[in-house]
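Here's a quick walk through a model, from a surface patch to a chain interface and the charged pairs. Have a look at the structure first, then read on.

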Amino acid sequence: MTLLVPFYRLMVRPLFREPVRTSLTILAIALGVSVVLAIDLAGGAAAGSFRSSMETLAGDNDLEVVTSGGVPENVVGTLATLPYPIRVSPRIEDYAVIADTKKSLPLIGLDLVAEGSAFAQSESQKPVASQTQDVSEHAFEYLGDADSIWVGSSLGYRAGDRVELLINDQVHSYTVRGVYPDSNGNESAIVMDLAAAQHALARYGRVDRILLKVPETPSPEEWQQRLQAALPAGVEVRPQGTGTNENRRMLAAFRWNLRLLSYISLVVGAFLIYNTISVSVVRRRPEIGIVRALGASKRVILSAFVGEAACFGIAGALVGLPLGRFMATGAVRLMSATVESLYVSSRPGIIELNAGSVFLAFAIGVGVAVASAYSPADEASQVSPVEAMARGRREYDVHVQKARDLWIALALGLAAGAASRAPAIAGKPLLGYLAAILLVVASALAIPAFVEALTSVSSKLLGKLLGIEALLASRSLAASLRRTSVLVGALSTAIAMMTAVGIMVGSFRQTVVVWMEDQLPADLYLRPAGSAAADRHPTLSSGLEEEIAKLPGVAAVDRLRAYEINFENMPATLASADLNVPRVYHNSDFFSGRPKEQVLAELRDSNAVIVSEPFTYKHHLKAGDSLTLSLGETRATFRIADVYYDYSSERGGIFMDRNTMLRYLPDRAPSNLAIYVSPGAQLDVVRTEIEKATTGHRVLMFSNRDLRAEAIRIFDRTFAITYALEAVAVIVAVMGIAGALLALVIDRRRELGLLQFLGAATRQVRKLILVEAGLLGLLANLAGLALGFALSLILIYVINKQSFGWTIRFHWPIEILLGALTVVYAATVFAGLYPAQVAVRLSPVEVVHEE
Amino acid sequence: MPILSLQEVSKDYLTDGQPVHALSSISLNVERGEFVAMVGRSGCGKSTLLNLAGAMDFPTSGNVLLDGVATSSLKDSGLTRLHREKIGFIFQSFQLLHTLTVFENVELPLLLAGKSNPREAARERLAWVELDGLGDRYPHQLSGGQMQRVAIARALIHSPSILLADEPTGNLDTTTGGLILELLRRLTREQNTATIMATHSPEAASLANTLVRLRDGRIQEITRR
Ligand SMILES: Nc1ncnc2c1ncn2[C@@H]1O[C@H](COP(=O)(O)OP(=O)(O)O)[C@@H](O)[C@H]1O
Ligand SMILES: [Mg+2]
């Protein structure tokens, strides 16, 4: 306890004397903490929420019955007539758009007539009817009406209101019959009677899910088996909410990768804490000697410096908490948009800053600070009292073992190479990450040798080119080799991450652009205006395609149909198309390299499918293998004819001939139409014709180009958050450079003052500091670019492949990289402006004479 | 005309709101070739006077004329030019840059002034201070006396008309200090500079043409020989 007073006087108080530098260090940690916190909070909010969408009003059931393409309604009858006391609740689950507000909501169809009477008996815990505010006997009159709906209270409707809903490609008018409270976990949704929902969706004879409440004995597993035995092979009985878990599992890789990216800023922050504490140790060598001579033990010295770092960590966490909460708001928006367009329908949940997040902030803030301060603090504790005092204030040269470090770096680099060749562990590219980390450490170790080599060249070259200031700058950077190396290490790590992710995203984008050339061979695409997402496939009214096919100028119409299915505990998309439309293809899209015609010919009218690359990766399948799908009531086996490249979604894709699909799932309504315009016909004219023919239907039509632009827009939005994370890391690094240059100026004030005694103009002093900043930036850019290139290879060929299962082709995004590096470089020089100003304002008389 | 002329110069510092009279109405003329020793207790204002004489600081009242020009009237660029052309400084703790070689230290003022090919001049100055052949060493490879010689060579590199030395022997033993003083006196004569030296050493005082005794910021006596 008594040590707290000297700790405050010797360690904490000096921090207040350099407020700018202290604030920069704290802010750097705060940014690191806040980014990690923001991604953590946002990940929970953006990915946790989809659970509620379809579980709305699902009640306390035990099991659910599902199958691809919908469960035949007679299964409900089968279940109800079993000699078991089970509650059977069939549901339609889809989406509707409120025509006025364009708001997309879950549309849930329940057997209100059957369940309504049950509600009337017991008032508590029952959905809809009992929670409807104006429950009254006559409300039951409307239960079965085709135009009755019940809505969540947060939508602001009242009983009796008319609401227009866009469902698939039709708008229907409904009357609100009641409102249920949707605050307590239930999301606002639109509820209607099962039959009404089937009618609105033109999905007769099928339901999406049957929820089952079974008696407590025997176990739910036992019930699952019993009921499964009573049902057709294709229909699956599983615990309620299994789909939610599957979705969550699918999102795991996405969240995991983002979380790792968020740690970059923290790594950069760690470098800076290391530097801050090193500077503090170097400056206080004589002081340490005195305190040691006065009886302080090594342990006290060690704790003093670790304590100093902990102060930075605590302050950083305090600032980082609200900052992280604030950033989380933006992150949720970006992440949920990505989740929605690439994975699964979702609505962001609320961001909760709870005790856990506070603990996380402090743990990482203090943890990173203490861990990175440990080595300089340990060095401080090794200072012998005699030596430190004898040396007085003389500059102290840190011994850096360049050669040894270079060898270690080489060994680590080789280890990284080996780790990058290893396969994924439990579906996660753990060894890929290890390889990346090893590379970062290797580069940090190689940097002193690199800095020394380059500064010795630059002092000769720049001295000639830029004058004496450049010579002095190079010499001073080389003289404080460790400090310089740490700074270059911090900035180059940030730059490397930026470069690596930049190259990865750029390559990915290019790959997608090239891939899309082949994917969108038709001239026009048509889909229902109803709510669509990666896991929603609204359908077009049947008959529409025939009308369009008859129009003059239309050469052919290709009908595409997609279903959301479940394959071996993972969500997947099952799609089909007419394979009789002649098309022109540019190059091969298949793993086998075979021409498309040949592959598609194999699919025609046969139990053969092609599957997407991410699908094969997730399920460890390859061309020639077979897979068994539950389709309607049946289970059928298909041969994998080939594997196609697919970058549209990480969820796996299975593709078959339309005729094959209709054999199992007879619903003829297509989800999309691809329209080919006859040669010679004018696209605009044909488009207008189609628009006329589709009046009365709410459809969206896109040209080939529109779709491509839209895909790229989604792509860019998906990676916006990645860029934001990179930017924060670079900002942290640049702030670190500013702080470190400030320390450099203060430690070298005697020299800077002396230069003015020797005839230096203030302009020259400023230039000296700016050249140092520029040199640091240059070194960091060079090292960062080299490391970034290596990391990008790991990202593209190891981490991405193992996380998402797709093959990205390498591509240098020259312009983006050049732009980003220029900005970073300018920022580094900019970071030197304030320290340079401080240097200029020093009074030479005072700094030279202070001894 | 004297190369350096102090006319009724006073210098006050504000310390915690209290004015400290570092110098009070000092008047002093120094000619080229004159070797002035300034003595007095620590804190009597010697360093302050040297800073004013070297135009690194400015009087609170009175004038400091260098070659007839008042230092207070000069702007930044004029002052820089003055430092580059007319003034050389020598310090008690040598103030060499440890990252530069002896040659580079000596050349530094010329390089800062934008002159090219300073090596010849540096070689010549090192010969003056009898350090031929040590040009490629780094300061930490030299003895204290050698370091001060390098500092003197540096102060003379641009052939200044005024040489200002603040306790140049303060960090040296008596023998080495004596050699440095001898060197300074010789160079003052040979290079025809006006040399003003603050010192504690009685030996230094005996070598000078002019002895200025300071006390509490005032001139107590001036002795010319
Ligand atoms: N920058 C300053 N601020 C305040 N007081 C100063 C400053 N520099 C010198 N002094 C004061 O001026 C007086 C003369 O100092 P100085 O010229 O350094 O003496 P000397 O060099 O003879 O030892 C001293 O009292 C000192 O405390
Ligand atoms: Mg003094």
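## A greasy patch on chain A

Helix 24 of chain A gives the largest share of the nonpolar patch, three residues. Helices here are DSSP runs (H or I, at least four residues), strands are E runs of at least two, and both are numbered from the N terminus. The patch on the surface is formed by A:Phe789, A:Leu793, A:Tyr797, A:Trp812, A:Ile814 and A:Leu818, with about 580 Å² of accessible area together. Helix 24 and helix 25 (814-831) of chain A are the elements that give two or more residues to it, and A:Ile814 lies in helix 25.

For the cut-offs: patch residues have over 30% relative accessible area and no salt bridge, with nonpolar side chains (Val, Leu, Ile, Met, Phe, Trp, Tyr) joined within 5 Å and like charges within 9 Å. Accessible areas come from Shrake-Rupley with a 1.4 Å probe, and for residues only the protein chains shown count as cover.

## Ground rules

This is a predicted model, where local features need pLDDT of at least 70 and side-chain atom pairs count only at pLDDT 80 or more, while totals for chains, interfaces and linings use all residues. Residues are numbered from 1 along each chain as its sequence is written, chains are lettered from A and ligands numbered from 1 in the order written, and side-chain values use heavy atoms, leaving out hydrogens and water.

## Where A meets B

Chain A puts 21 residues in contact with 24 residues of chain B (heavy atoms within 4.5 Å). About 2,200 Å² is buried between the two, with carbon and sulfur atoms giving 65%; buried area is the accessible area (1.4 Å probe) lost on putting the parts together, summed over both. On the chain A side, A:Arg475, A:Phe757 and A:Leu758 lose the most area to chain B, together 28% of what that side buries.

## Charged pairs

How many salt bridges are there between chain A and chain B? The count is one: A:Arg475 pairs with B:Glu104, the closest N and O atoms being 2.6 Å apart. The rule asks for a side-chain nitrogen of Lys or Arg within 4 Å of a carboxyl oxygen of Asp or Glu.

Over all chains, that rule gives 41 salt bridges. One of them joins A:Arg238 and A:Glu64, with the closest N and O atoms 2.8 Å apart. This pair links distant parts of the chain, 174 residues apart: A:Arg238 is in strand 11 (residues 236-239) and A:Glu64 in strand 1 (residues 63-66) of chain A.
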